[in-house]
Amino acid sequence: MSELVKIRKFMDIPLTGAFDINLEPISKVESLFTSANEDFVGFCVLWRLHLVGNSGTYWLSAHSLEKYFKARLIQINPNDNIKKYGHNLITLWETLCKIDSFTAIANPLVYDQFIIDTNQINMSVRYSETGSIISQQFFYLYCLLCTAIRYKLLEQMPNRAKENYGLGTIGAENMLPEY
């Protein structure tokens, strides 16, 4: 008996035809929000497991912020052409701060510098540079800002639960048991 057949019998998982993807139409805001959440969770898990040794991992943080910023911008102004901002976190942040307030979460000057630093991650990934963010403050500021933006987005997303910071269910109850 081949190893694949043994594994299949052991796990009792059908190997073909078991995956059904039903994509319901969602708004651009929800699409960006969901994708940003996935990048956010991915970065947080990798950070917590100390698997942050390359620029690709850091890119998740920059990319999630870009998606959260763009989602919030088009939530506020649905006619905004978010493509005009490219991937520039500085421009996105400055534009967002002109129409939305984040002063309740921290000193805006701290976040201005944080965004400048985080914007450099995008550049280093494009040019295959590696680096390391050694500050624990990065993770703290990143989580705080992402959570603040998620709450602002969730205020206008009635079909999303506000529990779990808008991340949805973790899905652990659907995981297969370990053998």
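These legends describe close-up views of a predicted model.

**View 1. The buried residues of helix H4.** Helix H4 spans residues 89-99. Its buried residues are Leu 89, Leu 92, Trp 93 and Leu 96. They sit on the same side of H4, because they cover an arc of only 95° around the axis. An α-helix has 3.6 residues a turn, so residues three or four places apart point the same way.

**View 2. The start of helix H4.** Here the view turns to Asn 88 and Ile 90. A side-chain oxygen of Asn 88 comes to within 2.8 Å of the backbone nitrogen of Ile 90.

**View 3. Asn 119 in helix H5.** Helix H5 covers residues 108-126, and Asn 119 lies in it. Asn 119 has a relative accessible area of 10%, so it is buried. Neighbours within four places in sequence are left aside here. Beyond them, Asn 119 is in contact with His 87, Asn 88, Leu 89 and Ile 90. Among these, Leu 89 is one of the buried residues of H4. Asn 88 and Ile 90 are the pair at the start of H4.

**View 4. Cys 44 and Cys 143.** The structure holds zero disulfides. A disulfide needs the two sulfur atoms within 2.5 Å. Both residues are buried. The relative accessible area is 15% for Cys 44. For Cys 143, relative accessibility is 19%.

Conventions: Residues numbered from 1 in each chain as written. Predicted model: local features only at pLDDT ≥ 70, side-chain atom pairs only at ≥ 80, totals over all residues. Heavy atoms only, no water. Buried < 20%, exposed > 50% of the residue type's maximum accessible area, 1.4 Å probe, protein only. Helix = DSSP H or I, 4+ residues; strand = E, 2+ residues; numbered from the N terminus. Arc of directions from axis to C-beta. Polar contact = N/O pair within 3.5 Å; in protein donor to acceptor, adjacent residues only side chain to side chain. Contact = heavy atoms within 4.5 Å.
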